[in-house]
Amino acid sequence: MSDPNIFVKKILSGLPGDELYALEQPEPGKEYLKLLEERRWSFWNSKPDDEKSHYQGYDVTPELLKNSLARQVHAELAAMHAPNLSLQVSPWQEVKLWYARQMNEEGRHFRLIRDHLLELGGTWNDDYAPDFAEWNQLFGLFMNLDNHFFLDKRKEVIARAAVLNFGIEGWDHLYVQPLFLKKVEHVDSTLHDIYDEVIMPDETIHYQIGQFVLGEYATTTELQRVGVEYLDRQLVAHHRVNVAFKGYHEVKQSDLPSDS
Ligand SMILES: [Fe+2]
Ligand SMILES: [Fe+2]
């Protein structure tokens with residue numbers, strides 16, 4: 001039962017699953033996941049198409065592609081470090097096993113995309129950091145959980161699974177990467193195949209890890225509340241990135257030097 005003394009700030013409201021913020025009894029795992037999924041779709045469906053991903057509203061040119069790939073190389077590195085944070089604190093051994101697998105796969109993605117970027121004449125080195133405030137805020141969310149430090153490590157694992165696996169990777173799997181594949185199909189067939197054959201199947205597993213962690217281990221009202229709160233934080237931050245990308249691409253399209 002929810003502790004009436006805890007003040008719970010709702011991040012989003014007016015969506016399916018609002019009740020997860022103040023449950024009297026925990027939902028069964030399947031019902032909980034169903035509500036989170038409905039909440040996610042309802043949120044994104046309320047946004048225009050060019051705010052549902054950062055791949056809409058511009059054409060992939062070779063220079064913009066190198067700019068995107070450098071950011072993606074960095075993202076894979078971050079995606080390798082984030083599961084390690086859960087692996088270290090998870091009280092659930094089964095969850096550790098899944099995150100060990102994910103770290104391995106994100107490391108593989110890092111190498112594949114970095115090597116391809118270098119083949120395209122792009123650069124990658126340790127000085128790289130994304131030049132994009134909203135993007136960095138989203139990364140701050142999944143690495144630092146909006147500066148929250150839970151004494152209950154179960155909450156940390158649930159929050160991380162909600163933000164990265166269920167939230168970001170889940171949306172990548174359902175919506176963003178299929179769109180990206182269509183965009184690059186005729187621009188870069190090698191990159192298309194890297195995504196189609198390796199990265200997308202792996203991301204599907206990473207999304208399933210999120211479903212598994214939330215469905216199997218968020219078994220109390222408090223843990224289910226943490227899950228929905230962090231899904232909401234992810235939706236807000238992710239949407240902010242997509243909105244900001246519209247202006248970013250316009251500037252980049254005119255600014256990019258030919259050797260960037
Ligand atoms: Fe990845
Ligand atoms: Fe992933």
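Q: Is the crossing of α3 and α6 left-handed or right-handed?
A: The crossing of α3 and α6 is left-handed (the near helix is turned anticlockwise from the far one by less than a right angle; clockwise would be right-handed). Helices here are DSSP runs of H or I of at least four residues, numbered from the N terminus.

Q: What kind of model is this, and how are residues and chains labelled?
A: The model is predicted: local features need pLDDT of at least 70 and side-chain atom pairs pLDDT 80 or more, while totals for chains, interfaces and linings use all residues. Residues are numbered from 1 along each chain as its sequence is written, with chains lettered from A and ligands numbered from 1 in the order written.

Q: At what angle do α3 and α6 cross?
A: The axes of α3 (residues 93-119) and α6 cross at roughly 160 degrees and come within 11 Å. Axes are lines fitted to C-alpha atoms over the stretch in contact, with angles from 0 to 180 degrees between N-to-C directions. The two helices are therefore roughly antiparallel (over 145 degrees).

Q: Which residues of α3 make that contact?
A: Among them are Trp98, His109 and Leu112 of α3, and the α6 side includes Ile194 and Phe212. Contact requires C-beta atoms, placed from the backbone, within 7 Å.

Q: Now α1: how does α1 cross α6?
A: The axes of α1 (residues 29-45) and α6 (residues 189-217) cross at roughly 130 degrees and come within 8 Å.

Q: Which residues of α1 meet α6?
A: Gly29, Lys30, Tyr32, Leu33 and Leu36 of α1 meet Gln211, Leu214, Gly215 and Glu216 of α6.

Terms used. Two residues are in contact if their C-beta atoms, placed from the backbone, lie within 7 Å. Angles under 35 degrees count as roughly parallel, over 145 as roughly antiparallel, 65 to 115 as roughly perpendicular and the rest as oblique.
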